[in-house]
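Biologist: Hi! Could you walk me through the aromatic rings here?
Modeller: Happy to, let's look together.

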Amino acid sequence: MSITHRMPAATGYSVATILLAGGKGTRLADLTATEAKPAIHFAGRNRIVDFTMANCVRSGIGRMIVATQFAPATLHDHLPARWGAHFAPNGLSIADGRGAYAGTADAVRRNWDAIEASGASHVLVLAADHVYEMDYRPMIEAHVASGAAVTLAADVVDQAQASGFGVMHADRQGRILSFLEKPEFPPSIPDEPGRALVSMGIYVFDKAWLADAMRDGTATDFGHDLVPLAVDRAEAMSYRLPAGRGGRSYWRDVGTLQALRLAQLDFLRDPPARLPFPSAVGDWYLGNDSVAMPGATVHPHARLTRCIVAPGCHVPADLVAGEDPSEDARWFRQSGDTLLITPAMLRRRDALRPRPAHVLRGMRRHA
């Protein structure tokens, strides 16, 4: 099966695309206990993976491998059903890697036969768990023109938040001079104090270079192994995410409950990126900076503040959450100032909380 996306003939190159969609997303706690992070709902009927899928379609990518791993059932159903028709016939290939992939580079290695068979000259590697809008074609063209071994998509974040990412320094031409994977004390951009340049988890590789770098099987991760190798050889380039709506770039790693809630709030009034499947705000926004996921119901008399209501919840009229930290801590999970409410938490609360006296008297009458 070919997975090559061929650029116009004049360019003289072709690109094989692989989407890494196996993330477990442990920092999303109960939401990802049995569901892969890319499959989590976002702003109504969207799933996180849909942002990358929409980017691929708009970028003209007609063939792609999707490498899944943790709890992939939802993705295996969702991706062909929602996106299959946007690709070439049999162009969306899902590679189930449950228990197989030891890292990002290892996932590519284990799908190398398909990449090799494509005849592509370059490999585009995408992450499935970020919220952003991007046309990949200018990045691919910049990579090919530079002659680099690898080009990393990059965005700027607050320095205090950069420890969760690969952090780089680049010269004015974009050549990466240093790269640190998730440093405890991330350095700032030299001429932008308080800001750091971080990897978006999007790579374009020269295929021959990538094949050689992975040949001995010791490199399992891009950030830990392959990118530092290319940087040491002065063969790595950065590509800054272009400004989008409002004149600013927008890219969010929604890896925590706090980040997941706040990113959805960004889409309330002036969305910073296109939602793949627009949903009415009233379908997912509850007010008071709270959001609900599909399949949740919330009684209109409930009072929720800075909450995420998980699928399957039926929030009762008497619930007040997000106002009393000690009471919230008894029943719900907290991340920053975000509360997660799940069906299991509501059942536990209902079973263990003290009952009003008139309810207890009523229960005794029916005993």
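Modeller: Rings of Phe, Tyr and Trp (its six-membered ring) pair if their centres lie within 6.5 Å; planes under 30 degrees apart count as stacked, over 60 as edge-to-face and the rest as tilted. This is a predicted model, where local features need pLDDT of at least 70 and side-chain atom pairs count only at pLDDT 80 or more, while totals for chains, interfaces and linings use all residues. Residues are numbered from 1 along each chain as its sequence is written, and side-chain values use heavy atoms, without hydrogens and water.

Biologist: How many aromatic pairs are there in the whole structure?
Modeller: Searching the whole structure gives eleven. In one, Y203 and F222 have ring centres 4.9 Å apart and planes at 50 degrees, so they are tilted.

Biologist: Where in the chain do Y203 and F222 sit?
Modeller: Y203 is in strand β12 (residues 195–206) and F222 in helix α7 (residues 222–232), 19 residues apart. Helices (H or I, at least four residues) and strands (E, at least two) are DSSP runs, numbered from the N terminus.

Biologist: Is F222 buried or exposed?
Modeller: F222 is buried, at 0% relative accessibility. Buried means under 20% relative accessible area, exposed over 50%, partly exposed in between (1.4 Å probe, protein chains only). Y203, at 9%, also counts as buried.

Biologist: And what about F205 and F222?
Modeller: Their ring centres are 5.0 Å apart with planes at 35 degrees, so that pair is tilted. F205 lies in strand β12, 17 residues from F222 in helix α7.

Biologist: New topic: which residues form an aromatic cluster?
Modeller: F42, F51, Y250 and F267 form one.
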